[in-house]
Amino acid sequence: MKNRASVVIIGGGVVGCSIAYNLARKGVRDIVLLEKHFLCYGSTGRCGAGVRQQWGTERNCILARESMKIFENMNEELATRRDIELKQGGYLLLAYSEKELELFRKNIRLQNRLDIPSKEVTPLEAKEIVPYLNTERLVGGAFCPTDGHANPFLVTQAYADAARRLGVEIELYTEATGIRKKSNRIVGVETSRGFIETEKVVNAAGGYSVLVSKMAGVEMPVYSERHQILATEPVEKIQGPMVMSFSYNIYCQQTPQGNFLMGYGDPEEPKGINTRSTWQFLETMAEKVTWLLPPLRHLRVVRQWAGLYNITPDKQPIICEVEQLPGFYLAIGFSGHGFMIAPMVGILISRIITGEPVGMELKLDLERFERGELTPEPAVV
Amino acid sequence: MDRDIIVCRCEDVSLAEIRELLREGYTSLDEIKRIKRCGMGPCQGKTCAPIILKEISSFTGRPVAELAVPSVRPPVGGIKLGEILGQPDSGSAYPGVPPSALNRYSSSTKPYRPPFCLP
């Protein structure tokens, strides 16, 4: 392992690997990425694999839209060995009240203005898209045909392989255990396999971001929270889009392999780092999904697992250089929507690190919380 | 000949493909699982894991006992979402869903049992 790097990235998920690739692409040499286990051990490898552009703020829409363009060309751009399995069957969002439908309408106007091809759908139209959808109590919905699915493992691996080809060293099974500073400047990273001298560190540690920032003496109003998920056996293709509802609290999609992935957010989930499974989730999930998508009651659950959402006060990520500690960068707090914007996050952080203009107004700095400048995103599950 | 030996029955992965992955640098079952899906199917690795671990051991020279194994997660055997709620398994007419679509193993008249062997 190198004992000197120009940048050390802590975290081998999709965000860390996207940053590594984009930095290397800009000509930065001697980049080292540290991953405590294997790539995608954390949230990336546990997520619902959904990618959508139907967001409620201009910034999120742009991040998602531009990331989708990258997903669409990723096999070529990263010369992938394995197809990233992008499936654009759409996202069907379900509204169960007039108020919710009004919010969808407002969001669709914003999205359309930004060239995202979403549209409002009536319950009947929703049933045309998913014929076996239970439309009881459904008031309306939104649908964007270019949203969908991508394989988190293969996307991360594609970024990692491309990064390696450009000289990035990825150290697996290597835990960052400390960040050494001198006169408020970083001098290096302590790891389970030795010390790496460096002046620049990127915290891309997802669910463990608070621990890493603590190593640098940086406090963040961020917490992690378990979210559970399950997968069924694979069957013939019967569902095109991801079906999702904020108010009913569910998401459920059929992957290109044929398995159904589904989950919901438990409102009673305590904060903390926990990735264990519960039977309560299995039971509640079965109740929710069999009501909404009746044929799924015949499908066998092969596995349930859990991952962490890394959550900020406004459920928006923190993408910045930390003011109080120059050389320390944050790409965390994605609050459940990191995978789908990782392509753009890699580009933005690499611009911040190399001092180039970011190219868009982010307002995602750590210090915004102190200033009280939060921009909450309404559309989250 | 490697190409004809199926190591992972759920995902149809041959011994040749496993050996190729090892040469690519994926020398742990966790990585092989995530790239090639061995261990994600209905058997959840009960069939393929011992075979792949043996291959990893041969390739890396490390004894099988020292190799990391992916976590075991519930449920132990495939249970239908409806079964969890005590619903009868009857009634499989749904708009837009051909009857054969809901059961990958529907060609058999016997109840489905995932391929696994208990120690």
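**View 1. Helices α1 and α8 of chain A meet at a crossing of roughly 50 degrees.** The axes of helix α1 (residues 14–25) and helix α8 (residues 342–354) of chain A come within 8 Å. This is a predicted model: local features need pLDDT of at least 70, side-chain atom pairs count only at pLDDT 80 or more, and totals for chains, interfaces and linings use all residues. Residues are numbered from 1 along each chain as its sequence is written, while chains are lettered from A and ligands numbered from 1 in the order in which they are written. Helices (H or I, at least four residues) and strands (E, at least two) are DSSP runs, numbered from the N terminus. Axes are lines fitted to C-alpha atoms, for helices over the stretch in contact, and angles run from 0 to 180 degrees between N-to-C directions. α1(A) and α8(A) are therefore oblique to each other (under 35 degrees counts as roughly parallel, over 145 as roughly antiparallel, 65 to 115 as roughly perpendicular and the rest as oblique). Among the contact residues are A:Val15 and A:Ile19 of α1(A), with A:Ile349 and A:Ile353 of α8(A); two residues are in contact if their C-beta atoms, placed from the backbone, lie within 7 Å. By class, the contact of α1(A) with α8(A) has 11 nonpolar, four polar and no charged residues (Ala, Val, Leu, Ile, Met, Phe, Trp, Tyr, Cys and Pro count as nonpolar, Asp, Glu, Lys and Arg as charged, and the others, Gly among them, as polar).

**View 2. Here is a six-stranded open sheet in chain A, with α1(A) across it.** The strand order is β8-β2-β1-β12-β19-β18, with mixed pairing; strands pair if DSSP finds at least two bridges between them. β8 (169–171) and β18 (318–321) stand at the edges with a single partner strand each, so one side of each is left without a neighbour in the sheet. From one strand to the next, the twist averages 20 degrees. Look for the antiparallel pair β18(A) and β19(A), joined by four bridges, where A:Ile318 has A:Ile332 as its bridge partner. Helix α1(A) lies across β1, β2, β12 and β19 of chain A, and runs at about 175 degrees to β2(A).

**View 3. A three-stranded open sheet of chain A has the order β9-β10-β11.** Its pairing is antiparallel, and the edge strands are β9 (176–182) and β11 (194–197). The twist averages 25 degrees from one strand to the next. Six bridges join β9(A) to β10(A), and the partner of A:Arg180 in β10(A) is A:Gly188.

**View 4. Chain A meets chain B.** In this view, 31 residues of chain A are in contact with 29 residues of chain B. On the chain A side, α5 (152–165), α7 (279–292) and β17 (300–311) each supply at least two residues. That side has 18 nonpolar, six polar and seven charged residues. β17(A) and β3(B) run antiparallel and are joined by two bridges, with A:Val301 partnered by B:Ile79.

View 5. A cis peptide bond, with omega about -10 degrees, joins B:Pro74 and B:Pro75. In chain A, A:Glu85 is not a glycine, yet has a positive phi of about 60 degrees.
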